[in-house]
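Please look over the sequence and the model shown here before reading on.

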Amino acid sequence: MAEEIPTSAVLPRTDYTRWRLKTEDGRQTWDYLTTDEQLAAWPQSIADKYHLGLPTNLPDLPTPHTPLDAARNGLSFFSHLQLPDGQWACEYGGPMFLIPAVITAYYVTNTPIPDPWKIEITAYLAARANPDDGGWGLHIEGHSTVFGTACNYVVLRILGMDPNHPVAVKARNQLHKLGGAIGSPHWGKFLLALMGCYQWEGMNPIPPELWLLPNWVPFHPWRWWCHNRQVYLAMSYMYSLKRSHPENDLTRSLREELYTQDYKTIDFSQHRNTVAPGDIYHPHTKILDALNGILGLWGSYICPNRVQEIARAHVYDLVKREDEASEYCCLGPVNSPFNFIVRYFAEGEDSVAVRAHKETLRDFLWVKNEGMLVNGTDGVQTWDTSFLIQAVVDCGLAEDPQYHDMLIKALEFLETQQIRADVPEQEIAYRQQRKGAWPFSKRTQGYTVSDTTSEALKSVLILQAVPGIPQLIPLERLQDAVDVLLTMQNPNGGFGTYERARAGKWLETLNAAEVFGGIMIEYEYPECTTAVVMALSKFTKIYPRYRATKIDNVVQRAVAWIKTDQRADGSWYGYWGVCFTYATMFATESLRSVGETYENSSTMKKACEFLLEKQMEDGGWGESYKSSESQVYTQHENSQVVNTAWACIALMNAAYPDRVPIEKGIKLIMARQQQNGEWMQEAIEGVFNKSCMISYPNYKFTFTIKALGMFAKLYGNPELN
């Protein structure tokens, strides 16, 4: 029976004039100042104010009459957000399971949570609760799920929210309506078990002994996609220990609050496969269920304790290697807190590793007007900085003295963030070559990413060709980047994200996460493949003697794969942005680079026809995140400046002969621009693993400016008022 919801209860907030974003060598952390002396010594910057939702007081700019005027106004605003080390920071939120992973780690390791964090995380969860039912979903725009609601409810209680607070009561009512926490998917069950609010026998097995299998075994974990691999690596260690936080008043209370029946009466062993229907994106296969059954028997009745100890020791060694190769930041905000717990269980609270994890978890925290959240990585610094450089060049403004210092700072940032050495004993750690690569975020995170390396390499090449720009990155290091990229092509010609594919698509039958799709292996992506094509093509034009034959072969095979990946309707499915407009923009760029256009290529013609069919009445394009989930183009109820920019860029890539539909899109972008040069945040822009959305708020600057600049170059920068 639903509880009556109290009418109101005001949540406290911190003083936002006291928050500061600190940046150092790519690292970005938020500090809360507590004394007047600190405030006087560290004034709040325009970037601080913007990210916190405070007035920036930037002046109104002259009304733009041409696309290039609008691009200049956008650059004028965006330049104020550049940080001292040359990068652009932003929120990278969206997923609603990241806060639970981090806060569970703090609780399980008995790590104090600062009061300002408690206040602002509570505020964020209250702000992001579903306004209709009070629950939380897999991501901020998704429907309420057991995973999101149960885990974030636990977070609120850890942070001190009274169970009778209206936010808690409404969320609990929704959780019970969904069947209670017993319907949590695999990751949710795991987090609750760590808390002592779910029994380990109700978990499908995650045995560390899988890591003792010979490497040639086709489903060995080293073959899994690195995010999945690293998360389950740490999970397997903790699952083997089956250690939970000691029972206390909070966990006893949560056991009663999270379920629809008495906790003591639940036979958890019968609920390993109990997952609420609304949570499931990728259902179990019969093969996975059979394997779970076998592994359950193995762990309960067959596996000797000594074998488990050997497996844990091997897994622990791999966890340590991940920590050390990333300077304890780790790949992302799930395996980072999980590794933190592993090191705490093994070494205690005062070890060097545990102290390092406590510090680096700060790298994932972000503060905005709604409160504090956990970013999807430790930032998007390298990625967004590269796109800004390209946008300025596409506008033809790279030689404009107004942007000279900004561009040099951006180049200096990319110079500092290139990875200069491979992981020690990388084969043992199952790591990809990384010397010469650029990471998605910052150098110390240490992971090669194909498209980030490509976009950074391309940005360096085009910027260092501009008169007056210093040659900060020498040829030898550019060649290192090329060498990394040439190791990453898959046999079919396409490129994944972090590594080559290490297993076939059949391995997806063992996807145990239930809430994500495409999580088991590296797949090929049109976005990543295009980025590599463009970077290698630009490099070989400037330096035609370095591995020219190899580069030509790689590019030809990559473009051929992109053409085969086109759908019958002319589109490409986007794996990292929402969705078909995003991937089609990239794919058409690849085709343009080899001379294909609307007039001479049926592939380009189909792509243009697809986009034109989706143009909305106001001249823009608007794509819902449901395109990513359903893998079918789904119109958003409103046009979006980011989707519009992507579609316009794609049509210009294809040299579509009719200017009118492109001009309509450009006019919409100009009309949405504010008088101070900014664009307001609209719908969520990014996605991963098909089902989880993630924010890329800087896209509303970088891609709009790029589209405006391309139009101005192509059509002579006409007045459009």
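## Basis of the description

Helices (H or I, at least four residues) and strands (E, at least two) are DSSP runs, numbered from the N terminus. The model is predicted, so that local features need pLDDT of at least 70 and side-chain atom pairs count only at pLDDT 80 or more, while totals for chains, interfaces and linings use all residues. Residues are numbered from 1 along each chain as its sequence is written, and side-chain values use heavy atoms, with hydrogens and water left out.

## The annotated domain

An unreviewed UniProt entry carries the annotation "domain: Squalene cyclase C-terminal" for residues 382-711. UniProt positions are given in the numbering used here, feature names are shortened, and annotations may be inferred rather than shown by experiment. Within the model, residues 382-711 are 48% helix and 5% strand, and the end C-alpha atoms of this span lie 26 Å apart.

## Helices 20 and 21

The axes of helix 20 (residues 548-564) and helix 21 (residues 580-593) come within 10 Å and cross at roughly 135 degrees. Axes are lines fitted to C-alpha atoms, for helices over the stretch in contact, and angles run from 0 to 180 degrees between N-to-C directions. Helix 20 and helix 21 are therefore oblique to each other; angles under 35 degrees count as roughly parallel, over 145 as roughly antiparallel, 65 to 115 as roughly perpendicular and the rest as oblique.

V559, I562 and K563 of helix 20 make the contact with A587, S590 and L591 of helix 21, where contact means heavy atoms within 4.5 Å. The residues of this contact comprise four nonpolar, one polar and one charged. Here Ala, Val, Leu, Ile, Met, Phe, Trp, Tyr, Cys and Pro count as nonpolar, Asp, Glu, Lys and Arg as charged, and the others, Gly among them, as polar.

Y598 lies in the loop between helix 21 and helix 22 (602-614). Setting aside residues up to four places away in sequence, Y598 touches M604, K605, C608, A654, A655, Y656 and P657.

H51, in helix 2 (residues 46-52), is buried with a relative accessible area of 9%. M670 belongs to helix 25 (residues 659-672) and is buried at 10% relative accessibility. The C-alpha atoms of M670 and N721 are 51 residues apart along the chain and separated by 9.3 Å.

Conventions. Buried < 20%, exposed > 50% of the residue type's maximum accessible area, 1.4 Å probe, protein only.
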